[in-house]
Amino acid sequence: MKKNKAMTLTYDMKKHQHSVLLCFFFILTNFSLQFKPILAQTSAVFACDIATNPGLKAFAFCDVSLDMSARVNDLVKRLTLEEKITMLVNTAGSVSRLGIPKYEWWSEALHGISYTGPGVKFNNVVPHATSFPQPILTSASFNETLFETIGKIVSTEARAMYNVGQGGLTYWSPNVNIYRDPRWGRGQETAGEDPTLSSKYGVAYVKGLQQRDDGKKDMLKVASCCKHYTAYDVDDWKGNQRYNFNAKVTQQDLDDTFNPPFKSCVVDGNVASVMCSYNQVNGKPTCGDYDLLAGVIRGQWKLNGYIVTDCDSLKEMYWSQHYTKTPEETAALSLNAGLDLNCGSWLGNYTQGAVNQGLVNESVIDRAVSNNFATLMRLGFFDGNPKDQIYGKLGPNDVCTPEHQELAREAARQGIVLLKNSAGSLPLSPKAIKSLAVIGPNADLAYTMVGSYEGSPCKYTTPLQGLGASVSTVYQKGCDIACATAQVDDAKKIAAAADAVVLVMGSDQTIERESKDRVNITLPGQQSLLITEVASVSKGPVILVIMSGGGMDVKFAVDNSKVTSILWVGFPGEAGGAALADIIFGYYNPSGRLPMTWYPQSYADNVDMTNMNMRADTKTGFPGRSYRFYKGPTVFNFGDGLSYSQYKHHLLQAPKSVSIPLEEGHACRSTRCKSIDAVNEQSYCSNLGFDVHLRVKNVGEMSGSHTIFLFTSPPSVHNAPQKHLLDFQKIHLTPRSEGVVKFNLDVCKHLSVVDEVGNRKVALGLHVLHIGDLKHSLTVRI
């Protein structure tokens, strides 16, 4: 998104974004919990209000007994071209003669109801909403049930706010882009670097948002949107801006890395919308690429919903990319490519001219508005008063409930990752700690915890507050987040006198965010100096807490024996401080695992962020990206994470070989093949699967949850990944207890790779399965 209309800005955000964000950051930090805007509206916006206007009963589109397509067709036929055009933009127009009010499509719910976008208003009826951790931390839980449960809570609060006129029904979340480069400012919004994890996160969150409790699969609780399609992960790096960036992507990387989460959203999650991105892909703007929109999203994946632009993408296509010659040509290009809705005013301003010039047919506009109306009908928008519908009784009392706030704390607990833990360090004993020194710029700064696309949280618990609830604390900020000059002596003084030290360091939205990519991936300014100096005088455990969206090169702390523990807490949401205290004092056993690789600073120094290639290239020295392809040193690896317990794994079941029953006459029966087609149309792919069973035992003294990863290292064909995540499960075990984790694998789905031209192939030969901490060899033959 580019413009925050909730702030009623009337100038170009792109030119003034940094100063506006800093100003907004200051305002929110100081006044967000006290600010109570005047109540503007107390009822939902909806069409077909037959109770108030009985004449609407004559319209077929208001007849709930008819099927959806008949209702949509009836509505579209009644509209003039001018009226249809008003339905192509996010602030959709009204048609009073048909009882259709204005509707605002743009609402956000990345990790809770957000005030980004004009569709949501916080006021004195509903002043707050539950703020969950940023997705990068939630994804570290590797818990699909949690992903979906958060979505359910968010959609419940969305419906409650809609009923009192404070929210919409269409939410442009989640962000399922791949966290390709550690410098990307928006990595915090994603589920990390792995396409399997990102796909599972996206599908679960979409289902949580969309699925209704009455089992009506054709209806929606709220409408979700997977964004930003596709290969979008450069915002503003060394002058390279997202508005005109051309992502040069191989077909293999597109189909193997960037597109799978979007495909899963549509095919498995039945998402109601996909948002196209600002950037070009191989020279074509995504919002004007017929092959990407009509060809793939609508054609191959069969989207049941609408395609929307990122905000002002069409303006950028014309003004920044100079891709089209006229505004009307831009409007026509996007509509003809399969676009249905424009976040912005471009289609509202220039579609009529495009029609007049013969650049686009009215039938194309009919298709677009039909997709939009069908989505609103699935939401019940045309079914009359929502008070008479399934979620009509929800209201302010259903927002920020104790259960919702506790889930925000639980989500943070499940995601927090323990990266280092020397003997005798964590967990701390609250009874043994008489004085705890809490130091660092993020120790008592509430707003940092909620990250970007935030709303107004129910309440905040900072790390200092969370820790102080269990032990006596002494606090020194040490420096601000930029840490140009650290107050080292003051910090050392309280550290030397304390039984233990917690340093809460990291970044915030001034360091990494939308429209701001990092150049360095080290801790800002003198933060590392502050850590080292404090550790040098401490007499007890020193716990380094990193609050950030992206990974940090903290090798100095990993190697420093005086830094006894390291925790990464992402941007942990409103209850982050309480969750952190739960981990530090052992009230909760950490089980989070890193959803992305942590690289050394040398990676940022030597690798061009605009190089979109995933695979390493020995000829150029390019080291590759993500655990799947990167060949180089790391600070921490994808999947790293420690526990206060220890777990033992024992493989119970896994085949040593799998035979693919090729039909007689198949070319690979007479010719040696390295791979064969892996598509559902192939008869040999039907019901070709096997099970993997793993016994897991908690041999520690503390109950805990444990994530089991199932990776494969496929044969070296088609420049395949060196390692690839197939599936994961989470199991909770009490001390000395055991359980069995079962994976069901499909050969053509799980043991296939994407070849150089984007086709999926089953790799023949030796596959090495990584099951927990065990390895198992499996041969695929014909």
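**Salt bridges, rings and strands**

Reader: What is the relative accessible area of R736?

Author: R736 has 48%, so it counts as partly exposed. The cut-offs are under 20% for buried and over 50% for exposed, with partly exposed in between (1.4 Å probe, protein chains only).

Reader: Before we go on, what kind of model is this?

Author: This is a predicted model, where local features need pLDDT of at least 70, side-chain atom pairs count only at pLDDT 80 or more, and totals for chains, interfaces and linings use all residues. Residues are numbered from 1 along each chain as its sequence is written, and side-chain values use heavy atoms, with hydrogens and water left out.

Reader: What does the chain average for pLDDT?

Author: The average is 95, and 95% of the residues score at least 70. pLDDT is the predictor's confidence in each residue, from 0 to 100.

Reader: Where does pLDDT stay under 50?

Author: Over residues 3-39. The model has 58 contacts beyond four places in sequence for that stretch. A contact means heavy atoms within 4.5 Å. Where pLDDT is low, the predicted coordinates should not be read in detail.

Reader: Back to R736. Which side chain does it meet in a salt bridge?

Author: That of E701, at 2.6 Å, N to O. The two are 35 residues apart: E701 is in the loop between β20 (689-698) and β21, R736 in the loop between β22 and β23 (738-746). A salt bridge here is a side-chain nitrogen of Lys or Arg within 4 Å of a carboxyl oxygen of Asp or Glu. Strands (E, at least two residues) and helices (H or I, at least four) are DSSP runs, numbered from the N terminus.

Reader: E701, buried or exposed?

Author: Exposed, with a relative accessible area of 65%.

Reader: How many salt bridges are there in the whole structure?

Author: A search finds 30. One of the pairs is R625 with D181, at 2.6 Å, N to O. That pair links parts of the chain 444 residues apart: R625 sits in the loop between α20 (601-606) and α21 (626-629), D181 in the loop between α5 (144-163) and α6 (195-210). Both R625 and D181 are buried.

Reader: What does K761 pair with?

Author: K761 meets D677 in a salt bridge at 2.7 Å, N to O. Those two are 84 residues apart, with K761 in strand β25 (residues 760-763) and D677 in strand β19 (residues 675-677). K761 is buried at 17%, while D677 is partly exposed at 31%.

Reader: Which residues are linked in a salt-bridge network?

Author: R186, E189, D235, R242 and E514.

Reader: Switch to aromatics. How many pairs?

Author: The structure holds 33. Take Y115 and F122: their ring centres are 6.3 Å apart and their planes at 85°, so the pair is edge-to-face. Rings of Phe, Tyr and Trp (its six-membered ring) pair if their centres lie within 6.5 Å; planes under 30 degrees apart are stacked, over 60 edge-to-face, the rest tilted. Y115 is buried at 11%, and F122 is buried at 12%.

Reader: And F638 with F709, how do those rings sit?

Author: Their centres are 6.4 Å apart and their planes at 45°, so the pair is tilted. F638 is in the loop between α21 and β17 (647-653), F709 in strand β21, 71 residues apart.

Reader: Which residues form the aromatic cluster?

Author: F59, F61, Y103, W105, Y306, F373, F381 and F382.

Reader: What sits over the ring of F711?

Author: The charged end of K723, 4.3 Å from the ring centre. K200 lies over the face of F728, at 5.7 Å. The test is NZ of Lys or CZ of Arg within 6 Å of the ring centre and within 35 degrees of the ring normal.

Reader: Now the strands. How many bridges join β21 to β22?

Author: Nine, and the strands run antiparallel. Strands pair if DSSP finds at least two bridges between them. L710 has D727 in β22 as its bridge partner.

Reader: Why is β22 called largely enclosed?

Author: Seven of the ten residues of β22 (residues 724-733) are buried, so the rest of the structure largely encloses the strand.

Reader: Last one. What does S139 touch?

Author: F147, T190, A191, L197 and P595, not counting residues up to four places away in sequence. S139 is in helix α4 (residues 135-139), and is buried at 0%.
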